[in-house]
Amino acid sequence: MRIRDIIEQHKSIERLDALNILALALSLRKEEVFINLDRNVDEETSLRIVSLFRDRERGMPLAYIAKNKEFYSENFYVDEGVLVPRPETEILVEEALDLIANNPEMSCLLDMGTGSGAIGLTLAKKTQKHVICADISLEALRIAQRNSENLGVLGLTRFVCSDLFNGICRLKFDMILANLPYVASEEWDNLMADVRDYEPRKALDGGTEGIALYKRFIEELPQHLKERGYVLCEVGGCGQANKIREMLRAIGLHVVITKDLAGNERVLTGSWKNLS
């Protein structure tokens, strides 16, 4: 069967998704797919392509089909055990990189709720700083460790299975990064099907108003953030940002908010010293 004919049978798939799936199945670059549309593929390959197309038609995220997601120009292995890294999370990484560049004495970072390791491992590679990656999910930690090996930063990273700070003991950090679940439980049923049906709920559901985990995190934060340290939190918009900002202020932190490209309040940066 020709590649063109397989595409024709699955018109419900967006053209870019189809292109990515074909490139994956045929081990071709995306531009090579276009010049091979009349190529005949054997039955085994055809069945594999159709199977991948059907996964996408059912709503499976393309990243899970490809077992890969690009984040900050690095490739990360992902599957249903971890959240797919989002482009807006790169803003948190950019803020962290700026702070580290201006404070080169920083030596130890904590990536809380590491998931695939996208945040912590990217920072380890870009800065050569030591990073502890913590997550409550052993499955997520196995994936993060795999990505650490792939990115060549295994010597700079440690992996800790921990419910927030419970497994961190009394360590203090120069920087703590948190992209904790912040989808409100009451909004779960309204999520897009490819998120709700495939991505791990424990990596998304932040409890009532989406701030329950952040409340616990912030209560324990003073015991783990150094005097000259910074905490960076990704949040889900204006209302949530304001609530979490007030929590951070309540423990004595100065806070600034960074918006994403869509104008949504996305990253909160806190420090014991004035940030203005």
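Let me start with a cut-off: a residue is called buried when its relative accessible area is under 20%. Take D17. Its relative accessible area is 11%, so D17 is buried. Keep that residue in mind. We will come back to it.

A word of caution before we go on. What you see is a predicted model.

Now the overall picture. The protein chain has eleven helices and nine strands. Its C-alpha atoms fill a box of roughly 65 × 40 × 35 Å along the principal axes. Does the radius of gyration agree with what a compact globule would have, or disagree? For 276 residues, such a globule would come near 19 Å; this chain has 21 Å, which agrees.

How much of the chain is buried? Buried residues make up 50% of the 276. The accessible surface comes to about 13,500 Å², and 47% of that belongs to carbon and sulfur atoms. Then look at the contacts with a separation of 6 or more. Of these, 64% are between residues 24 or more positions apart.

On to the inside. In soluble globular proteins, nonpolar side chains tend to be buried together. Here, the largest nonpolar core has 29 residues. Those with the most contacts inside it are L110, M112, I176, F217, L221, V231 and L248. Which elements give two or more residues to this core? Four are strands: β3 (108-112), β4 (130-135), β6 (173-178) and β7 (225-234). Two are helices: α10 (212-220) and α11 (238-250). The largest share, four residues, comes from α11.

Pick out L221 on your screen. Leave aside its neighbours within four places in sequence. L221 is then in contact with F165, I176, V231, L248, I251 and L253.

There is also a second, separate core. That one has 28 residues, including L19, L22, V41 and L52.

This brings us to helix α2, residues 15-26. Start with its length. Twelve residues at 1.5 Å a residue should span 16 Å, and the end C-alpha atoms are 16 Å apart, which agrees. Which residues of α2 are buried? They are D17, A18, L19, I21, L22, A23, A25 and L26. And what covers them? The cover includes α1 (3-8), α3 (30-34), α4 (43-57) and α5 (62-66). Just after the helix, S27 takes a positive phi of about 55°.

Now back to D17. Which residue does D17 pair with in a salt bridge? The partner is R56, with the closest N and O atoms 2.9 Å apart. D17 sits in α2 and R56 in α4, so this pair ties together parts 39 residues apart in sequence.

How many salt bridges are there in total? The count comes to 19. Let me show a few others. R29 and E31 meet through their side chains, at 3.1 Å from N to O. E31 is partly exposed, at 49% relative accessible area. Next, E246 forms a salt bridge with R245, and there the closest N and O atoms are 3.9 Å apart. E246 counts as partly exposed at 41% relative accessibility. R245 also counts as partly exposed, at 21%. Finally, R2, R4, D5 and D38 are linked in a network of salt bridges.

Next, backbone angles. Most residues other than glycine have a negative phi. K67 is not a glycine, yet its phi is positive, about 60°. You will find K67 in the loop between α5 and β1 (69-71). L164 is not a glycine either, and its phi is positive at about 50°. L164 lies in the loop between β5 (157-161) and β6. Are these residues buried or partly exposed? K67 is partly exposed, with a relative accessible area of 33%. L164 counts as buried, at 5% relative accessibility.

One last stop: R86. This residue is in the loop between β2 (74-76) and α6 (89-102). What does R86 touch, not counting residues up to four places away in sequence? It touches F71, V195 and E199. R86 and N150 are 64 residues apart in sequence, and their C-alpha atoms are 20 Å apart in space.

To recap: there is a largest nonpolar core of 29 residues, and a second, separate one of 28. A buried D17 forms a salt bridge with R56. That is the tour.

Methods. Residues are numbered from 1 along each chain as its sequence is written. This is a predicted model: local features need pLDDT of at least 70, side-chain atom pairs count only at pLDDT 80 or more; totals for chains, interfaces and linings use all residues. Side-chain values use heavy atoms; hydrogens and water are left out. A nonpolar core is a set of buried Ala, Val, Leu, Ile, Met, Phe, Trp, Tyr and Cys residues joined through side-chain atoms within 4.5 Å. Buried means under 20% relative accessible area, exposed over 50%, partly exposed in between (1.4 Å probe, protein chains only). Contact means heavy atoms within 4.5 Å. The expected span of a helix is 1.5 Å times one less than its number of residues. The radius of gyration is taken over C-alpha atoms; the globule rule is 2.2 Å times the number of residues to the power 0.38. Accessible areas come from the Shrake-Rupley method with a 1.4 Å probe; for residues, only the protein chains shown count as cover. A salt bridge is a side-chain nitrogen of Lys or Arg within 4 Å of a carboxyl oxygen of Asp or Glu.
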